[in-house]
Amino acid sequence: MAERAQNGSIDVTSGVIWRQLLTLCVPIFFSSFFQQAYALINTFIVGQFGGKIALGGIQSTLSLSELAVGFSVGLGAGCAVITGQFFGQKDDERLSRSVHTAMTIALVLGLAISILGVIFLPTILELMGTPAELMPEALAYSRCYFGAMVFSLLLNMGTALLRAVGDTRAPALIIASGCVFNVVFDLIFVAGFKMEALGCGIATALTICINALMVLRRLMRAQGAWRLEPSRLGVDTRLCKSMLATGLPLAVQASLYSISNIIVQSTVNSFGADAVTGWGLAARLDGVVWMVTEALGVAMTTFAAQNFGARNYERMRRGYHVSLVITVSLIGSMALFLITFVEPLARFFIDDPVVVGYTSKMIHFIAPFYLFYSIVDNTSGAIRGSGESLCPMLLTVLGTVIFRVAWLLAVVPMHHTLETMLLVYPVTWILTAALFVTYHHFGHWLTHAKERRDRLELSI
């Protein structure tokens, strides 16, 4: 236990639950905060020095970037669940093998996504209906971003593995330093060299690469069983199968969710360049809400994974209820703040009344319903910590992908207004929250997870 604490890890299989959840959550929040901070800095610098077209070009690629990042984060989270369970069991041998298998998966898939992404970007952006005046800037930015996807996958996988053993502080500090790098690079390439969206893409890619190298360094210097040794990189077939069984549903879910957002983006594109820019700015402004939601969900997953590995099932249940109370308090307060101050916040980033008007309307329409999706994140985190990810994926796909796409393709064309498009968010969030809460209370996910764990232990 002492060795684990000295390496920055946190064992949450005993102790005060609310305190441990916040101990896990706060560094994750600040990690997300700094990621959002340099996204906002990108928006501010490009808006001030690159102009509306450059900013719109970047914003039009957000859903596409989220698709790639969502896949890598989902895969990393799934692999980290298995790692966290071995950490909770204090099984150092399988913990080490899981780390090296996960990082090998990240390296191979990252290279594939980088190459394929760069090749097919023009076609994808055209299929999304990207406005012609935004296309050159969108293509310049996204090529830089996807070129760095191999580092993004290594970064997200390494961060997930560190969080699985309770080390949430190091990733937060690494991302914070990345924010500083990103500011410097943005000032050089966008404000200094006037490279607009291309300069922003270069700055973002360099920041991702530096952060990935810092995470790898942290893993390679760890003194515990989760230390990364490049010579041991390789795939343990049985562990890889288990990781993919847990991680791929999360990755597919994140990808499908992002695909639905791409369809949303295509719908927004039909309202013109000002609506596209306003939509992207709204996504930046409410990013802080998703930071807290994500942090609580990841903290809940880590908490559940370690306690599932230690067979503390009652503690898993109590942790879920405590996390819900924290979520309701935080997300409700943040939604109210954003609704109240969205106009001055939007004007800070761009002095265009039309864009500010679009941003304000979008936030006022969907912010009152943030709480429902935060419940989804908490509940799915509690379930996925056991390694049960297929049913949560199906519930998410049903609630936030299939129904959303049906709404966008069937309802919106009949009533082609921004309000009709925006209504899809509260409707699908409420539906998905109801599905998850019902499954958590009445489904047999814990029994299935126990049976799968027993089979894995017998095979390894």
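Trainee: Is R97 buried, partly exposed or exposed?

Mentor: R97 counts as partly exposed, because its relative accessibility is 22%, and the classes are buried for under 20% relative accessible area, exposed for over 50%, and partly exposed in between, using a 1.4 Å probe and protein chains only. Keep in mind that this is a predicted model, where local features need pLDDT of at least 70 and side-chain atom pairs count only at pLDDT 80 or more, while totals for chains, interfaces and linings use all residues. Residues are numbered from 1 along each chain as its sequence is written, and side-chain values use heavy atoms, with hydrogens and water left out.

Trainee: Which residue does R97 form a salt bridge with?

Mentor: R97 pairs with E93, with 3.9 Å between the closest N and O atoms; a salt bridge here is a side-chain nitrogen of Lys or Arg within 4 Å of a carboxyl oxygen of Asp or Glu. Both residues sit in helix α5 (residues 92-127), four residues apart, or about one turn, a helix being a DSSP run of H or I with at least four residues, numbered from the N terminus. E93 is partly exposed at 46%, and a network of salt bridges links E93, R97 and D236.

Trainee: What about D91 and R94, buried or exposed?

Mentor: Both D91 and R94 are buried, and their side chains form a salt bridge at 2.5 Å, N to O.

Trainee: And how many salt bridges are there in the whole structure?

Mentor: The search finds seven, including one between E343 and R347 at 3.7 Å.

Note on methods: Helix = DSSP H or I, 4+ residues; strand = E, 2+ residues; numbered from the N terminus.
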